[in-house]
Amino acid sequence: MDTTMVANLNPGDGDKPIEIKVIRKWLSYGKKAECCYIFLDKSGDAIEACGCLGDKGYFDSIIRMDGCYSVSNYVCDNANTFFVTVPHKTKIKLGRAAKFEEIRDDGFPVYYFNFLAYGQLGARLDNHKTLTDYIGGVENVYEVVRTQGNAILKLKLENLSGTMIETTFWDEAANSFDKEAIEALPSPVIVAITSMKVTQYLGNLQLTATPASYIYINPTIPEAAAMAAEFVERHNQNPVLKIKYQKSKDVQVEKKRNRFPLVDLLSQNPNRYAGAQFTCKASLVSIDASKGWFYKACHECCKKLQKRGNTLACEDHDQVAKPNNLFFITAYIADETAQAKIVFFDAAARMLFQTDCNTLIDHHGYTDPYTLPAPLTILIGQPKIIQF
């Protein structure tokens, strides 16, 4: 019998066999729970196929992952309009009448992806109609977190422009992910992920897994090879720092965690290490008071107060009778390799200078924000271990 290709299928078709490879499978839940698959033909075209969840045992007995089949006696219908995994107008509906005859794996592609660039993700924010495939280099694999019976895995991926994005996977994907194996692979490790939702957290785009999501490690595709080569060239010129994100309970160990010369830190892309803490042994070179060394803050939220007539007001908590004075110190530190600008916010400045801002102002009379108090200058030239 003549066969047809996946690209030629339309709703109402199904009278001709198709030769396909099964490259993904998952279970969808909701109003209509189904066993779902991605079928890929030799031309590289993909289509979603679904059968009743109640027939899962039957389908498991005749369909295996990575198996190649001639499929007949199926039905074609309009593709889903929600959680779309592949851009095909048609989907295959499978029932017990469908026949799967195993054939040789001869010329079938291994993967199917429909990657979206980072700059295009915003158009799909909270739009769950079309799911997203994405590719990037692994920057960090966080420890699996277990909460209320759920396992949560987060990966941070970097694209070729240096932009980072966090991805979140749940339960089965989180539990089966081998963090140690990934960390043992030579860098760079390229990851392709499929069928993700584009979400947002604290203003940053994120990718969140769905039941259809898959993680592919170093897939043998041109996009991954090109990305790896680009990362290798960059990293040879500027090696990536080996970072420990987990804090140590041992104070002495914590003082040395992520200790790097300033010259090495200043040569890095800061987006790569967002959320990481570093330590250095450096001396305070100078303090820049041109923008003030303290500010008047709201007692409730610590936001900077603004003038409103003859009073000071917080944008959230209205007029404030007596402001709270908080440190905001811009300084320069230096080690044997380089000099760097650093900002000490109130808690860090209190620890460093062993005094609080209100004491300097209310009890010692240092009311001019542009004139440095003597207690802040006596540490200049003294080496300190600083964590930032």
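Two strands pair if DSSP finds at least two bridges between them, and the strands themselves (E, at least two residues), like the helices (H or I, at least four), are DSSP runs numbered from the N terminus. With that in hand, welcome to the views of this predicted model, in which local features need pLDDT of at least 70, side-chain atom pairs count only at pLDDT 80 or more, and totals for chains, interfaces and linings use all residues. Residues are numbered from 1 along each chain as its sequence is written, and side-chain values use heavy atoms, with hydrogens and water left out.

View 1. The C-alpha trace spans about 95 × 50 × 35 Å along its principal axes. Of the 388 residues, 43% count as buried, meaning under 20% relative accessible area with a 1.4 Å probe and protein chains only.

**View 2. Strand β12 and its partners come into focus here.** In β12 (residues 190–201), 9 of the 12 residues are buried, so the strand is largely enclosed by the rest of the structure. Strand β8 (residues 132–141) pairs with β12 in the antiparallel sense over 5 bridges, and Gly137 stands opposite Ile190. Strand β14 (residues 215–217) is joined to β12 by 3 bridges, also antiparallel; here Ala192 has Tyr216 as its bridge partner. Between β12 and β13 (residues 204–209) there are 6 antiparallel bridges, with Tyr201 partnered by Asn204. These two strands form a hairpin with 2 residues between them, and Leu202 in the turn has a positive phi of about 55 degrees.

**View 3. The largest nonpolar core has 31 residues.** Such a core is a set of buried Ala, Val, Leu, Ile, Met, Phe, Trp, Tyr and Cys residues joined through side-chain atoms within 4.5 Å. Trp293, Ile329, Ile333, Phe344 and Phe353 touch the most other members. Two or more residues each come from α6 (262–266), β15 (279–288), β20 (324–334), β21 (339–345), α7 (346–353) and α8 (357–363). Leaving aside neighbours within four places in sequence, Ile329 is in contact (heavy atoms within 4.5 Å) with residues including Ile287, Trp293, Phe344 and Leu376. Another core, of 21 residues, lies apart from this one and has Leu155, Leu157, Val191 and Val198 among its members.

**View 4. Seven strands make an open sheet in the order β5-β6-β3-β2-β1-β4-β7, with mixed pairing.** At the edges stand β5 (75–78) and β7 (99–102), each with a single partner strand, so one side of each is left without a neighbour in the sheet. Strands β3 (residues 46–52) and β6 (residues 90–94) run parallel and are joined by 3 bridges; Cys50 in this pair stands opposite Lys93.

**View 5. Lys21 sits in strand β1 (residues 18–28).** What counts as buried, at 6% relative accessibility? Lys21 does. Leaving aside neighbours within four places in sequence, Lys21 is in contact with residues including Phe39, Asp66, Cys68, Asp105 and Phe108.

Methods. Buried means under 20% relative accessible area, exposed over 50%, partly exposed in between (1.4 Å probe, protein chains only).
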